[in-house]
Amino acid sequence: MPRIQALLLAASALAMTGVPATAQAQPAADPQFETFAPKGAPIDHTIDYSIWDEAMKNLVVSMGPSLRETAGSPPQSFGTRRQYGHTSRYRLEGSRIMFSFLDADIRASFGEYRRDLESVADKVDIQSLSRNEQLAYWINLHNVAMIEQIADAWPVRQPREIEIGGVPLDEARFITVEGIAMSPRDIREKIVFANWSDPKVIYGFWRGEIGGPSIQREAFNADNVARLLDRGARDFVNSLRGTQKSGSTLEVSELYREAAPFFFDNFEADLRAHIATYADEDTAALLAGTTRLEASVSEPDIADLAGGVREPSYQNIQGADGNQASFRIPQSMQRLLAQREEKFQRIIREGRTGTVTFSNIDLPGDPEGDGEVE
């Protein structure tokens, strides 16, 4: 795992159909996963994620906040009729993993780190940690496992195409904690969704798809988990991936339909209230200007820089000073990064910067335990 930092430093420079509004039936509890329910009187232990934190800083490229504008169709690659790179209308939103820069050693290190996280539960009673510490553990384990498997399968256009032993990635039980085999979906639904009541936990889990919540450029831990989930919620809710308007209909991500049995009993009313919690001015106008809701927005394309393909043509990339960098990238990636830079320059021109976040600061009058994710 330590090799990730050294090997990625150069690459880092690139840087519902509607659901009825009636109550949703929550899936029946799986007895074997009840052992992971948080216990009372937490022990004062923490888990060190510094290795993963450093990896995320070098591995993840943020595309910046959504401007609520569809990215136009990119030009065809020079000299070919084939379209390389991303064509998604959401390609300038969210964040990207630099899968195309990962060598065999880095890919192997992801599996090693996932197994390290699994083994933590053999040394520490995960269920007896603080709720935030437990939540950070499950989110990190989920995301490490997803990155590991997608990196091994890359190049691939859509993560949902990946299978492990003939089972779709999200359903494959290749993760083992305390002797219990589990899938990424099991972690989300049978452990976290089943034991945490705040729907913002949805935004911690990275699916590998452009259409899902962004992966953060830092590891989750007990101190930052509430802040990072709030950041992820604001990013997603106020993006085209999360909410759109079509006539009088508020179109939302299909992921909300998946989470409905756990967090949105009265789907439309509860989800509207949840969205309003994180809505900026533009999204609030969408809420006010629509009379019905439909979970129909999705984008399964991979959330990487290369669009899940190896492009045969490359070109040099220039730094901000106009000098040539010492490495070459595919033409389609160069175009995407150029569009990203144009977007950031527009954000600066239009004064859309200046967000200040306070975290882990006790203020007079704050309730005890403020910042814990329920």
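This is a predicted model: local features need pLDDT of at least 70, side-chain atom pairs count only at pLDDT 80 or more; totals for chains, interfaces and linings use all residues.
**Entry 1: Gly 308**

I found Gly 308 in the loop between strand E9 (292-297) and strand E10 (314-318). Is Gly 308 buried or exposed? Its relative accessible area is 3%, and the cut-off for buried is under 20%, so I noted Gly 308 as buried.

Next I listed what Gly 308 touches, leaving out residues up to four places away in sequence. The contacts are Trp 154, Pro 155, Val 156, Arg 157 and Ile 302. I also checked the C-alpha distance from Gly 308 to Ala 153, and it came out at 9.9 Å. Along the chain, Gly 308 and Ala 153 are 155 residues apart.

**Entry 2: Trp 154 and Pro 155**

Two of the contacts of Gly 308 are Trp 154 and Pro 155, and I looked at the peptide bond that runs from Trp 154 to Pro 155. This bond is cis, with omega near 5 degrees. Pro 155 is in the loop between H4 and strand E3 (163-164).

**Entry 3: Trp 52 and Tyr 113**

I then searched the whole structure for aromatic pairs and got 15 of them. One of these is Trp 52 with Tyr 113. Their ring centres are 5.6 Å apart, and I read 10 degrees between the planes.

Which helices hold Trp 52 and Tyr 113? Trp 52 lies in helix H2 (residues 50-59), and Tyr 113 lies in helix H3 (residues 104-123). The two are 61 residues apart in sequence, so the pair ties together separate parts of the chain. Trp 52 has a relative accessible area of 2% and is buried. Tyr 113 is at 5% and also counts as buried.

**Entry 4: Phe 193 and Phe 205**

The rings of Phe 193 and Phe 205 have centres 6.1 Å apart and planes at 75 degrees. Planes over 60 degrees apart count as edge-to-face, so I put this pair under that heading. Phe 193 is in helix H5 (residues 184-195), while Phe 205 is in the loop between H5 and helix H6 (225-237). The two residues are 12 apart, and their pair links distant parts of the chain. I noted Phe 193 as buried at 4% relative accessibility, and Phe 205 as buried at 0%.

I followed the ring pairs onward from here. They link Phe 193 and Phe 205 into a cluster with Tyr 203, Phe 236, Tyr 256, Phe 262, Phe 263, Phe 264 and Phe 267.

**Entry 5: Ser 253**

Phe 236 from that cluster turned up again when I looked up the contacts of Ser 253. Besides Phe 236, Ser 253 touches Gly 211, Arg 241, Gly 242, Ala 295 and Val 297, with residues up to four places away in sequence not counted. Ser 253 belongs to strand E8 (residues 249-253). Its relative accessible area is 1%, so I recorded Ser 253 as buried.

**Entry 6: Pro 261**

I found Pro 261 in helix H7 (residues 255-263). Pro 261 is buried, with a relative accessible area of 15%. From C-alpha to C-alpha, Pro 261 is 9.8 Å from Glu 189, although 72 residues separate them in sequence.

**Entry 7: Arg 131 and Trp 196**

I checked Trp 196 for a charge over its ring. Arg 131 lies over the face of Trp 196, at 4.7 Å from the ring centre.

**Entry 8: the largest cavity**

How much space lies in the largest cavity? I noted about 50 Å³. Its lining consists of Trp 52, Met 56, Asn 140, Asn 143, Ile 215, Gln 216, Glu 218, Ala 219 and Phe 220. H2 and helix H4 (131-153) are the elements that give two or more residues to this lining. I sorted the lining residues into five nonpolar, three polar and one charged.

**Entry 9: positive phi**

Last, I looked up two residues with a positive phi that are not glycine. Ala 41 has a phi of about 45 degrees and lies in the loop between helix H1 (3-8) and H2. With a relative accessible area of 72%, Ala 41 is exposed. Arg 68 has a phi near 55 degrees and is in the loop between strand E1 (60-62) and strand E2 (95-97). I recorded Arg 68 as buried, at 18%.

Conventions: Residues are numbered from 1 along each chain as its sequence is written. Side-chain values use heavy atoms; hydrogens and water are left out. Rings of Phe, Tyr and Trp (its six-membered ring) pair if their centres lie within 6.5 Å; planes under 30 degrees apart count as stacked, over 60 as edge-to-face and the rest as tilted. Helices (H or I, at least four residues) and strands (E, at least two) are DSSP runs, numbered from the N terminus. Buried means under 20% relative accessible area, exposed over 50%, partly exposed in between (1.4 Å probe, protein chains only). A charge sits over a ring if NZ of Lys or CZ of Arg is within 6 Å of the ring centre and within 35 degrees of the ring normal. Contact means heavy atoms within 4.5 Å. On a 1 Å grid over the protein atoms alone, a cavity is a set of points where a 1.4 Å probe fits but cannot get out, and a pocket is an open set with protein on both sides within 12 Å along at least five of seven lines; lining residues have an atom within 4 Å of a point. Grid points are joined across faces, edges and corners, and a volume is the space filled by probe spheres set on the points. Ala, Val, Leu, Ile, Met, Phe, Trp, Tyr, Cys and Pro count as nonpolar, Asp, Glu, Lys and Arg as charged, and the others, Gly among them, as polar.
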